[in-house]
Amino acid sequence: MILSKVDMLSPEERVVPFCQEEDCQQMELIGMMSEKLKEHVLKHAHSLGKKKINVIVNNYVANLLECIWKIVDTIWKNYGLGAHSLCLSNREEVNSAEFVVFHMMIWVLQAVEGLSLPLPPGYHTIHMVLGARCLPLHSLLHYIDFGLLHPTEQFVTRLIEELDNSEINERFKLSIMARIPEIIEQKICCLWDHPISTSHVARNYVEILLKKRSTQQKSRPIFIREQDPFETEFLPLTYLARILTEVEHQAPNPFEAQQNVDVKFVEDVALKQTLILLGLENK
């Protein structure tokens, strides 16, 4: 409701595309601020009535977000930035104006956080895109580590989709992926067609199954399948496959509703990783 009001407040065409993604953190802050304001106003001006107080608070928060949006939008227009400044695939075409705007957005961010105010949803994503375009990798990572930049799910998704798997881009992606929150990593990992992400999915699956196995009764009969004549003789892989098969016979697959990951999938991944480590993938 508040975001819809923000869109209606300015008739001018905006350059910066805020409020076009689901930003859970900022939406929580907006909701928390609204509730606290309503409680405060209701306590000191209850004669206005709850309905009118809701309208006043919603308008106030909407105007606040629109003001921040207008400040950033004006900066972008003054320095001639547009949609081309939001493309990750042409990072080599960055100009000095983008660098100035990037630092101005840091000042806006610090001012807003200092006042404990919410930001328009999408602010962190756009700021990250500018940072990825303007800064060398080591500087970008320092900004992330010190909390001046915040990698979002939308940004990491764009990073994977827009950048190819060249050596430079892979190093760039890996450096960012190592710094994103675990909840985002779990959502994004399956989108990246890379041995590291595949290995991550397999490890998580194995960890969940083995944790479920450890909580089961030890007196429960153990299911051991007979060795398949075509089964690999790599003993660690064989043992892992047998343990996973035993667990799957005792409990439903936790990934069944999502990706239908099964023991065969994990076995294939483990075998692939083993062949890569042994240098036998092309033989």
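Me: How many helices and strands does the secondary structure of the chain come to?
Reply: The chain has 12 helices and zero strands, where helices (H or I, at least four residues) and strands (E, at least two) are DSSP runs numbered from the N terminus. This is a predicted model, in which local features need pLDDT of at least 70 and side-chain atom pairs count only at pLDDT 80 or more, while totals for chains, interfaces and linings use all residues. Residues are numbered from 1 along each chain as its sequence is written, and side-chain values use heavy atoms, leaving out hydrogens and water.

Me: What makes α5 largely enclosed by the rest of the structure?
Reply: Buried means under 20% relative accessible area, exposed over 50%, partly exposed in between (1.4 Å probe, protein chains only). In α5, 12 of the 12 residues are buried, so the helix is largely enclosed. Among them are Y123, H127 and R133. The buried residues of α5 pack against α2, α3, α4, α6, α7 and α8, a contact being heavy atoms within 4.5 Å.

Me: Why is L275 called partly exposed?
Reply: The relative accessible area of L275 is 31%, so the residue is classed as partly exposed. L275 is found in helix α12 (residues 263–278).

Me: How much of the chain counts as buried?
Reply: Of its 283 residues, 41% count as buried.
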